[in-house]
Amino acid sequence: MTANSLFSEADLDADAPLVLNGDPRPVRLAVIGKPVSHSLSPRMHQAVLDRLGKDTRYVAISVEPGRVAKCLSRMAKAGFIGCNVTVPHKHEAFDACDEHSDAASTFGVVNTIRFRDDGTIFGDNTDGAGLEAAVGEAFNLRFSSARIAIVGAGGGAGRAAALQAARSRATSLLLINRTTSKLRELTDKITALSPGTTVDTVPLDDCEGLRSAFASCDVLINATSVGLKPDDPPPIPAACLHPKLAVFDMIYNPAETPLMRAAREIGAPAANGLGMLIHQGALAFASWFPGTPHAAPTMRRELMD
Ligand code: NAP
């Protein structure tokens, strides 16, 4: 993966557009995070901007925790259209926004920001809808009629996945997390959002319980970070899986995780998280440039090259 041209908040000091050396196009879009140098967002968004002939650069900006509000206000002054927000700034960005979309209000975190002409900052979240689109594309499965298991449901991405499933009125949700205490508030929130969705929890170390609960699930989503390292085991013992349980791993590097390999070995369909990255990005792009062609195919081509 290519390292990005990396900026910092200090580069946004002037009330003038930010530019890359030797590039006449002003920087008007960015992803902010820490670390952020290896984000794929600049590559995939720039590919779409170039294809549409937009006079705009998209870069990565490294921002220190505690500085997000200041950074956003500097971006607005420097003429930015919007930005994406990645770890660890999604909560801080939520607090810095003047108004939120329904999805951002439900999740309590923001991954997409739009600077409005009236000077206000609008916070959205496209992670949940991006996940739903990617799972639908991979397995031809709608959240609205699905029985969904999520391992890592207590983490940021897992919580957003569970709340998206509730927003879409999933048939049932099975929540799994190493630290089970993190699931209490989430379970209550899901029930309030979607009283018709059945919610259960199973401890991560209860293999028998998992095996029996997975018998009535259509898809297992891995939202843990287990699988990022080459020698990681699957986050769920392979013996708990079954051939009709599709596996969606939010991790996309490596392209095939230990959990995906375990699923494929028993004939179950499996997909990695690249589709989620692409779809959340395409939805963000559509919010900055309404009415432009769907950005996902160009983003996918760029990342597959
Ligand atoms: P996070 O908030 O730190 O949550 C991490 C989750 O992983 C928690 O549920 C945690 O359980 C669990 N976990 C960590 N180590 C574990 C272990 N050894 N055994 C069992 N569970 C363990 O991280 P996040 O931001 O949600 O990200 C989670 C994953 O999703 C990452 O791999 C990230 O790359 C991926 N992601 C992908 C996309 C995409 O676009 N494809 C978007 C967002 C995130 P505890 O609660 O017990 O600590």
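**Cysteines, rings and a helix**

Guide: The sulfur of Cys-217 is 12 Å from the closest cysteine sulfur, which belongs to Cys-240, and this is too far for a bond. This is a predicted model, in which local features need pLDDT of at least 70 and side-chain atom pairs count only at pLDDT 80 or more, while totals for chains, interfaces and linings use all residues. Residues are numbered from 1 along each chain as its sequence is written, and side-chain values use heavy atoms, with hydrogens and water left out.

Visitor: How many disulfides does the structure hold, then?
Guide: The structure holds 0 disulfides, where a disulfide is a pair of cysteine sulfur atoms within 2.5 Å.

Visitor: And what about the sulfur of Cys-97?
Guide: The cysteine sulfur closest to that of Cys-97 is in Cys-83, 8.4 Å away, which is again too far for a bond.

Visitor: Is Cys-97 buried or exposed?
Guide: Cys-97 is buried, with a relative accessible area of 10%, and Cys-217 is buried too, at 5%. Buried means under 20% relative accessible area, exposed means over 50%, and partly exposed lies in between, using a 1.4 Å probe and protein chains only.

Visitor: Changing topic, how many aromatic pairs are there?
Guide: A search of the whole structure finds 2 aromatic pairs. In one of them, Tyr-58 and Trp-288 are tilted, at 6.4 Å centre to centre with 50° between the planes. Rings of Phe, Tyr and Trp (its six-membered ring) pair if their centres lie within 6.5 Å, and planes under 30 degrees apart count as stacked, over 60 as edge-to-face and the rest as tilted.

Visitor: Which parts does that pair tie together?
Guide: Tyr-58 lies in strand β4 (residues 57–62) and Trp-288 in helix α10 (residues 274–288), so the pair ties together parts that are 230 residues apart in sequence. Helices (H or I, at least four residues) and strands (E, at least two) are DSSP runs, numbered from the N terminus. Tyr-58 counts as buried at 1% relative accessibility, and Trp-288 does at 6%.

Visitor: What about Phe-285 and Phe-289?
Guide: Phe-285 and Phe-289 form a tilted aromatic pair, 4.8 Å centre to centre with 40° between the planes, and both residues are buried.

Visitor: Last one: which residues of helix α7 are buried?
Guide: In α7 (residues 184–193), the buried residues are Leu-186, Thr-187 and Ile-190. Seen down the axis of α7, they fall within an arc of 100°, so they line one face of the helix; the arc is that of the directions from the helix axis to the C-beta atoms. The face turned away from this buried side carries the exposed residues Arg-184, Asp-188 and Ala-192.
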